[in-house]
Amino acid sequence: MDAIITALGLIFQIKVLWVICASAAFGMFVGAMPGLTATMATALLVPVTFFMDPVPALGAIVTATAMAIFAGDIPAAMLRIPGTPASAAYTDESYAMSKKGLLDLNLGVNLVFSVLGGLVGVALLIVFAPVLAEAAIQFSSFEYFWLALLGLTCAIFMTAEDPLKGITSLLFGLAINTVGIDPAAGYPRFTFGSVELLQGISFIPAMIGMFALSELLRGVVAVDQQGAVLAQKIGNIFVGVWDVFKKYWKNFIRGSAIGVVIGALPGAGADIAAWISFAISKRFSKEPEKFGTGHIEGIVDATSANNSALGGAWIPALVFGIPGDSITAIVIGVLYMKGMNPGPTVFLQNPQFIYAVFIIFVLANLLMLPFGWIAIKSGKQILRVPRNILIPVILIFCVVGSYSMTNSVFGIWIMLFMGVIGWLMEEHGFPIAPAILGLVLGEMLEQNFMTSMIKADGDPLFFFERPIAAVLGIMTVLIWGTMIWRGIRGQKATMAPTEA
Amino acid sequence: MRANDAICGIILILFAATMIALTAHFPDFPGQKYGPALFPRVLSTGIIICAVLLIWKHYRTASPGGRWVTFAPWTREPWRLGAFFLMLALLFLYIFISETVGFIPIALLFLLALFLWLNVRPVTAVITAVVATIVIHEFFSSLLRVPLPRGWLDSIL
């Protein structure tokens with residue numbers, strides 16, 4: 001109880017509340033601008049949060065991402081361009097509704113169910129995180145090794161369209177992470193005599209490069225291709241939302257639950273949650289033929305799911321230090337910088353921070369209602385901000401942000417290098433998220449692997465000796481087995497016609 | 001620009017092979033048969049396996065006469081291509097001269113060059129560049145106390 005009161009005291013200060021409100025406005029803007037994603041909002045915020053106390057820093061990130069995921073729905077309905085990838089699943093459906101003259105209802109439903117879905121996400125985070133932390137406290141290096149490996153495995157299993165490219169991307173991220181002093185023996189690797197490389201590839205500039213610079217490089221070549229906003233006046237968006245809730249409350253619960261589960265799985269975040277819940281909604285709908293014609297049902301599922309996924313992603317991030325999506329991957333980097341190494345011990349040593357995160361999450365979702373309403377009302381103005389002004393300004397912001405992480409141009413080098421690599425990877429169909437996950441989890445994986453190897457004296461069977469480690473290990477092996485089996489079968493299927 | 005998967009595979013193999021070669025002189029842990037080289041070598045081996053599979057898959061499925069490298073339509077428009085490379089060139093320029101010149105002049109040049117290339121009207125470009133530079137400078141250097149390079153303006157700031 002003391003911890004909760006301390007947490008409330010940490011949050012309800014003018015400065016912290018100001019940071020939360022500013023981040024809310026920032027998140028709404030970034031989310032509503034097509035081409036700027038929630039992950040990019042986080043990457044751009046990090047250099048700023050670097051100079052804050054832990055609570056406002058986390059508050060800024062939690063609030064901005066929650067807002068951005070909702071705000072992505074606005075251009076989806078008005079322009080048929082999703083503001084963030086999380087809205088892509090139901091962009092066509094939303095736009096079809098707008099064309100039928102239901103823009104108000106669509107935006108109202110998106111806003112209200114985003115808030116409700118977000119709250120379900122927080123509720124499940126509050127229930128499950130402490131329980132899991134209690135179990136995790138007894139984990140040794142063996143369990144952590146398997147957990148990290150399982151997390152990375154899930155990332156490939158869940159996201160990649162082409163698993164082979166997903167694995168390659170992951171291995172590349174892990175390989176980049178080996179630059180610098182090695183975590184077990186303190187031996188400098190791949191530093192080529194550079195003092196700055198001893199610390200490794202700084203995570204934040206790398207992140208800004210891969211998520212922001214690569215996006216800007218893609219955006220600048222299409223800078224003049226801005227869509228035309230629907231010329232509809234926006235009235236009272238809340239009319240009819242209650243009727244939708246009465247009719248589709250089951251969809252809301254199902255969507256939110258799916259969102260939390262998918263959010264909690266490493267590597268899959270709000271965008272995948274929306275796609276899957278939309279597909280499930282259509283599959284089990286009584287009127288599947290209405291999907292695609294501007295039908296609200298699937299939107300209820302998906303817009304609840306992408307916001308609840310945000311809370312879900314924090315479960316493994318806080319408990320095990322394993323990110324549930326690319327946003328929490330950045331958050332984990334921030335937590336390390338703040339000296340709050342995520343893991344079950346935070347729940348014991350700094351429970352006030354955990355409670356603070358919970359409270360901020362609730363607060364952010366409640367704030368979404370007024371801020372979302374303002375964003376919807378000013379949607380047309382936001383969407384009119386010219387991109388040829390926006391892109392250069394964001395670019396210089398990225399430069400200064402990367403610089404401020406190392407206080408030298410070395411940070412900008414990393415951003416530039418990783419940005420170009422990220423751009424090349426996307427061009428060639430290699431997903432970026434697994435590489436980032438590799439970059440975040442690499443050290444944890446290697447450290448626990450090396451410690452376990454030394455404990456086991458090099459005997460691999462020792463990795464299965466402890467019961468939980470054995471279960472996690474077998475799960476990992478099984479998932480890999482399934483993937484390889486599927487790979488071989490897929491291979492045969494594509495080979496069959498050529499042989500015939 | 002998009003190279004085919006076989007070229008990607010070859011580049012990945014070169015990358016991984018270089019990594020393995022660089023681990024050759026890493027010492028082992030005292031009394032153990034492995035050391036800091038183990039993890040990078042495992043990863044490199046993994047990358048090589050993936051790369052070989054990529055190349056193999058490419059030759060299984062590729063249509064004969066397919067190109068090694070294809071270019072997206074925007075690369076044929078000089079203005080778009082220019083915007084892409086101008087961004088990269090300005091980043092290099094920033095890295096090399098920001099310490100000498102200072103943040104304010106280089107940021108102004110950086111923003112103005114991009115705005116004008118991207119067809120922002122000159123008056124708007126100048127005003128926005130000045131305002132954005134001042135706001136970002138104040139935000140980072142006064143509020144967050146990041147030591148942005150002062151360069152030429154050292155005596156004034």
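**View 1. Buried residues of helix 1 of chain B.** Helix 1 of chain B buries Asp5(B), Cys8(B), Gly9(B), Leu12(B), Ala16(B) and Met19(B); a residue is buried if 20 or more other C-beta atoms, placed from the backbone, lie within 10 Å of its own, exposed if 12 or fewer, and partly exposed in between. Down the helix axis these buried residues fall within an arc of 100°, so they line one face of the helix; the arc is that of the directions from the axis to the C-beta atoms. The model is predicted: local features need pLDDT of at least 70 and side-chain atom pairs count only at pLDDT 80 or more, whereas totals for chains, interfaces and linings use all residues. Residues are numbered from 1 along each chain as its sequence is written, and chains are lettered from A and ligands numbered from 1 in the order in which they are written.

**View 2. Exposed face and packing partners of helix 1 of chain B.** Leu14(B), Thr18(B) and Ala21(B) are exposed on the face turned away from the buried side. The buried residues pack against helix 9 (163-177) of chain A, and against strand 1 (2-3) and helix 2 (38-61) of chain B. Helices (H or I, at least four residues) and strands (E, at least two) are DSSP runs, numbered from the N terminus.

**View 3. The fold of chain A.** Chain A has 21 helices and two strands. Buried residues make up 61% of its 500 residues. The C-alpha atoms of chain A fill a box of roughly 70 × 65 × 50 Å along the principal axes.

Terms used:
Contact = placed C-beta atoms within 7 Å.
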